[in-house]
Number of protein chains: 2
Amino acid sequence: MTEKIKVEKKVLTKNDRLAAAIRDRLGKRRILALNLVSSPGSGKTSLLEKTLGKMGSKLNMVLIAGDVQTENDAARLEKAGGKIVRPIITGGACHLDANMVTRVLEQLDLGETELVFIENVGNLVCPSGYDLGEDMKVVLISTTEGDDKPLKYPAMFRRSSVMIINKIDLLGYSNFDVDRVKENARKINPDLEIFETSCRTGDGLDEWYAWLTGAVRRKREKTPAV
Amino acid sequence: MTEKIKVEKKVLTKNDRLAAAIRDRLGKRRILALNLVSSPGSGKTSLLEKTLGKMGSKLNMVLIAGDVQTENDAARLEKAGGKIVRPIITGGACHLDANMVTRVLEQLDLGETELVFIENVGNLVCPSGYDLGEDMKVVLISTTEGDDKPLKYPAMFRRSSVMIINKIDLLGYSNFDVDRVKENARKINPDLEIFETSCRTGDGLDEWYAWLTGAVRRKREKTPAV
């Protein structure tokens with residue numbers, strides 16, 4: 001097993017190097033990059049569809065939709081009005097890596113882009129270990145899952161800056177407790193920015209849009225690292 | 001990357017060898033082994049809680065509950081009446097492997113056992129690649145996820161024998177279509193046995209219990225491989 005660990009370390013180092021190059025390239029252009037993670041079915045694509053509907057005309061967005069096997073998510077995002085949408089099919093791999101994102105970004109003219117929004121593969125474990133050069137990870141959890149998810153998948157919640165509690169319209173159909181999930185999440189990561197949303201009813205989305213607008217603005221006001 | 005692939009192959013071969021030994025050991029005792037897989041939050045633990053409540057006095061069951069970081073699931077199963085419940089904490093790993101299961105089984109007296117039910121880590125990708133020596137994989141999908149999950153995570157649905165569509169009480173709160181998910185699943189795996197359940201209302205669980213009883217009986221009637 002020692003050999004395996006050594007090799008994985010080498011692979012990770014290569015990933016970190018590529019992620020740093022992405023961060024540098026986007027940083028120079030003051031483009032905000034977000035890496036959206038969750039388990040399958042929490043509503044990542046729905047959140048992006050809604051976000052496109054409201055913000056698509058206001059923000060110059062590139063959307064990168066990772067998926068194990070299909071281009072379904074990318075197709076949904078194009079239908080929702082995404083102007084620059086790129087699928088990544090991992091062909092079985094359980095997470096995106098910086099190399100896949102690099103290859104997509106190389107084919108794009110990022111001239112006017114303000115936001116690169118990456119939808120990772122649905123998985124609460126593996127994507128936590130792969131830096132994609134993002135500014136922040138946004139983790140989505142839905143009220144139909146257990147409210148102990150932050151304790152069960154701590155790496156993901158520790159490495160995220162934002163947690164969105166989605167499907168709040170379905171509260172009451174399970175034992176999911178919003179206060180408890182927040183408490184569990186803040187035990188792991190006291191600095192988490194938390195939103196409560198329903199992509200079905202629209203509840204809470206305005207706060208999310210306002211945060212996103214602010215985050216893009218703050219990034220544009222930053223002096224790029226030379 | 002060649003080196004990585006080679007090493008992973010070696011690790012997988014070791015896993016396959018250990019899985020074969022588990023299969024042999026349980027087969028000789030005519031114990032049915034099931035490997036329960038799903039994304040986080042589909043209701044694996046809830047299904048096992050219900051199954052314990054109904055079948056715990058009728059079937060001699062060993063429950064093995066895999067989790068990345070906590071023993072929450074094992075604690076819930078003990079509370080639900082599980083007599084032999086063993087947690088496996090993977091410490092960050094995204095799936096159980098045959099070595100972890102071997103170590104648990106070695107510590108148990110399987111004399112009266114009829115069923116070993118393994119709850120895998122919540123993940124629709126990685127557990128599909130690791131044989132645990134089970135007779136069958138049971139994949140759980142909930143109606144709050146997308147009905148295209150079988151197409152997006154085909155390996156898991158191809159390698160499963162049973163698909164349980166859970167949370168059918170929440171149908172109508174999303175675009176999830178039961179016929180479509182069945183059609184998608186059967187495109188990947190025409191032989192899937194399919195159940196529709198709600199662990200909250202109890203709908204459909206009797207059919208699942210009947211199938212489970214039958215599967216245990218069929219295994220006990222089998223002449224063990226020598």
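## Ground rules

This is a predicted model, with local features needing pLDDT of at least 70, side-chain atom pairs counting only at pLDDT 80 or more, and totals for chains, interfaces and linings using all residues. Residues are numbered from 1 along each chain as its sequence is written, chains are lettered from A and ligands numbered from 1 in the order in which they are written, and side-chain values use heavy atoms, leaving out hydrogens and water.

## Chain A as a fold

Chain A carries eight helices and seven strands, counted as DSSP runs (helices: H or I, at least four residues; strands: E, at least two), numbered from the N terminus. Its C-alpha trace spans about 50 × 45 × 35 Å along the principal axes. The radius of gyration is 17 Å, which agrees with the value near 17 Å for a compact globule of 226 residues; that's taken over C-alpha atoms, with the rule being 2.2 Å times the number of residues to the power 0.38.

Of the contacts in chain A with a separation of 6 or more, 74% come from residues 24 or more positions apart (contact: heavy atoms within 4.5 Å).

## Inside and out

Some 57% of the 226 residues in chain A count as buried, meaning under 20% relative accessible area (1.4 Å probe, protein chains only).

## Two chains

Methods
Buried means under 20% relative accessible area, exposed over 50%, partly exposed in between (1.4 Å probe, protein chains only).
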